[in-house]
Amino acid sequence: MDKFVAFLKGKWPLPLLPLLIIVAVILVLLIVLAVMRYRKKKQKEQNAQNPKPVPETEDDQAGSIPYCIGKLHEQGARDYQEDCFSVSPPEMYPTNGMLAVLADGMGGLENGDQVSQTAVSTMMNGFFTEHGAPMEILTNLLFAVNRSVNAMLGIHNIGRCGATLIAGLLKEGQFYYVCIGDSRICLYRDGALIQLNREHVYRNELLLRAINGEGTLEEARMHPKGAGLTSFVGMGQIKYLDLPAEPVEIRPKDRLILMSDGVYNALTREEISQALEMSAEQAVDALREMVTKKAWPGQDNYTAIILECM
């Protein structure tokens, strides 16, 4: 009763004063937390109704390293174009990666242009729907290419038409590839031009025979038919296939070039390297100018795809 009277008179008992101060502080903190939660909820609702666009960066391409593409495609001194190439559209880069395909129809055989066109279109069209690990995708696409080309040729024309085929898939900073024939994929890094694939030509078989004691190494190197293809699309059952045990890890300033033999037969390694010191677009112009200046009689069709890693 005495405490109640003291309360009415405005006299606080000392034991109650600290307790009331603590309660007041807690109430203030609860009110502040409630206001902050309310504002945060409102902000989320506004963001959901009006989402901010996510800006696209160069890193949103086929990996963490941005790049540019250069394309060279010329007829040379031939009466018709048997090379064919394609590069996947940019909108596929963030999810599927970037696929580059090049096929070189075999001169001297019938309808080499049709084989190269069928090979490239089949591989590129399949890339739109194919899913899985990169090397699994490439081998699945190659299976489809072989089946499509053989079906187009028919049983009586298999082996009478053909084309080389190289394809490179750049995804998440890794480069994967498959190769059939003698078209080349090279990496230009730190001033060195490095060929990644092995060519499927008769000379390599002759060299192996010579190493095993059948003929001489000099005869193998100088054989007049040494450049003949031992594996190509259109032969029915493909004899040789070249693919890497591990993908190539791409670094900034790397250059990758996919090219038909019309390029590397016309130019030296030093000339190709000189061009690859430039940007992708400048390299294409430089290669074209160098091949044109050579003016080789019977210059083959020549095609190149250059990937410049920034």
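Reading a predicted model

Reply: In this predicted model, Ile-22, Ile-26, Leu-27 and Leu-30 make a nonpolar surface patch of about 380 Å².

Me: How do I read the open sheet, and what is its strand order?

Reply: The five strands have the order 1-10-9-6-7, with antiparallel pairing. Strand 1 (67-74) and strand 7 (192-195) are at the edges; each has a single partner strand, so one side of each lacks a neighbour in the sheet. On average, neighbouring strands are turned by 20 degrees against each other, direction ignored.

Me: How many bridges join strand 1 to strand 10?

Reply: Eight bridges join strand 1 to strand 10 (residues 302-309), and the two run antiparallel. Tyr-67 stands opposite Cys-309 in strand 10.

Me: Which strands does helix 9 touch?

Reply: Helix 9 (residues 269-276) packs on the sheet and touches strand 6 (184-189), strand 7, strand 9 (255-259) and strand 10. Its direction makes about 115 degrees with that of strand 7. Helix 10 (residues 280-294) lies across strand 1, strand 9 and strand 10, and runs at about 20 degrees to strand 1.

Me: How far apart are Arg-160 and Met-235 in sequence and in space?

Reply: Arg-160 and Met-235 are 75 residues apart in sequence and 7.7 Å apart in space, C-alpha to C-alpha. Arg-160 lies in the loop between helix 5 (134-153) and strand 4 (163-171). At 40% relative accessibility, Arg-160 is classed as partly exposed.

Notes. Residues numbered from 1 in each chain as written. Predicted model: local features only at pLDDT ≥ 70, side-chain atom pairs only at ≥ 80, totals over all residues. Heavy atoms only, no water. Helix = DSSP H or I, 4+ residues; strand = E, 2+ residues; numbered from the N terminus. Buried < 20%, exposed > 50% of the residue type's maximum accessible area, 1.4 Å probe, protein only. Patch = residues over 30% accessible without salt bridge, like charges linked within 9 Å, V, L, I, M, F, W, Y side chains within 5 Å. Areas by Shrake-Rupley, 256 points an atom, 1.4 Å probe, with all protein chains shown as cover. Salt bridge = Lys/Arg side-chain N within 4 Å of Asp/Glu carboxyl O. Pairing = 2+ DSSP bridges. Axes fitted to C-alpha atoms, helices over the stretch in contact; angles between N-to-C directions. Contact = heavy atoms within 4.5 Å.
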